[in-house]
Amino acid sequence: MFRLLKNGNVFAPEPLGRADILVCNDKIVDIAEHIDFNYPGTEVVDLEGRTVIPGVIDQHIHITGGGGESGFTSKVTEVGLSDLVRGGVCTVVGVLGTDSISRNVESLLAKVKALNEEGLTAFCYTGSYDFPSPTITGTVARDIALIQEVIGVKICISDHRYAGITRKELTKLAAAARVAGLVGNKPGVVHIHMGAGKKGLSDVFKIVEKTDIPVRTFRPTHASNNLKDMMKLAKMGGYADFTTCVGPSQTAELMAPFLKEAPDGSVTMSSDSNGSMPIWNEKKEVIGIKAAESTTVFETVIALHKEQGLPLEEALKPCTVNVAKALNLYPKKGCLKPDSDADILVLDQDLALSEMYAKGKKMMAGGKPIVKG
């Protein structure tokens, strides 16, 4: 099937100005100022006055639900396809969190497969907060190397909920993930929940200093918990990931000055959606809890642009080209180019989400999801 999107104001994410986009099935065929194409059956869509951007890549979503810090009734349910569509999310990486007792990596992988069947692009990390890491095949390395959808391992540090992983154990985990990534042609990364604990990223810095493990093997998220350490990591050649569920305006306010100082391409963002957001008192007791939304990454892009004054192309990078390169998905994902996947978002004149195409399949129309899981 051919679809011709005409007269859009295209950000790829770099600004291309007024352009047409020709899509065949799941791929972008061409982008040009004007495309003449009249193959029978081609759907022609006039986007006059609207903005076109790449689909959101969200590398941290609790697709099978998060939570559990306040008993079994506090567990968040699994994400629905339409929940992701509302946020313009075309590519997702699923994670486990605190609870790997009533949840497991097998169900996480099954949900990933379901989202792929439903039209999105989905991956996951093996492991959880727990250590030794829960796996499917028996080892982290085998999960990463042999299971198509598994691209790395998750762990928790610097948090009162961490499993006591030592620096030596973290070194071995990173070495296993890296080698497995090489064998399986995957990113092979250690995706780290970094809490606001005393040690910050000190263990990571020591490992990078004393071993030959590349700094980009370590991918800490929740940057606001320790901006100083995250900036140091970015300047060492790593990636700093901001969590948008704390609030788009609040996240944008933190990210704007960070982006000015950090090396180009080193900042990403993710939603942590469908995870619980427990509120702790000084005794580490839960005094409140809510669930995170998958819409906050796109909303943070708009807040960076409208509230912090970043050009739209710069505001888009942390959830498109930067994260695509970080996960070895570029240029298939994270951009609008010939041969890229047709993950396309159309925004109205107020820059609100209007239409979404995931691998060429229309998922949203008139600002509302038209597909359900």
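**Close-up views of a predicted model**

**View 1. Surroundings of M356.** Residues V85, G88, V89, C90, L120, I344, L345, K361, K362, M363 and M364 are in contact with M356, leaving aside its neighbours within four places in sequence; contact means heavy atoms within 4.5 Å. The model is predicted, so local features need pLDDT of at least 70 and side-chain atom pairs count only at pLDDT 80 or more, while totals for chains, interfaces and linings use all residues. Residues are numbered from 1 along each chain as its sequence is written, and side-chain values use heavy atoms, with hydrogens and water left out.

**View 2. The largest nonpolar core.** A nonpolar core is a set of buried Ala, Val, Leu, Ile, Met, Phe, Trp, Tyr and Cys residues joined through side-chain atoms within 4.5 Å; buried means under 20% relative accessible area (1.4 Å probe, protein chains only). The largest has 79 residues, and L170, V190, V204, F218 and M356 have the most contacts inside it. Helix α8 (residues 296–306) supplies the largest share of this core, six residues. A second, separate core of 16 residues includes L5, V23, L47 and V52.

**View 3. The open sheet of six strands.** The strands follow the order β6-β7-β8-β9-β10-β11, with parallel pairing; two strands pair if DSSP finds at least two bridges between them. Strands β6 (56–61) and β11 (218–221) are the edges, each pairing on one side only. Helices (H or I, at least four residues) and strands (E, at least two) are DSSP runs, numbered from the N terminus.

**View 4. Pairing of β8 and β9.** Strands β8 (residues 121–127) and β9 (residues 150–157) pair in the parallel sense over four bridges. The bridge partner of Y125 is G152, in β9.

Notes:
Buried < 20%, exposed > 50% of the residue type's maximum accessible area, 1.4 Å probe, protein only.
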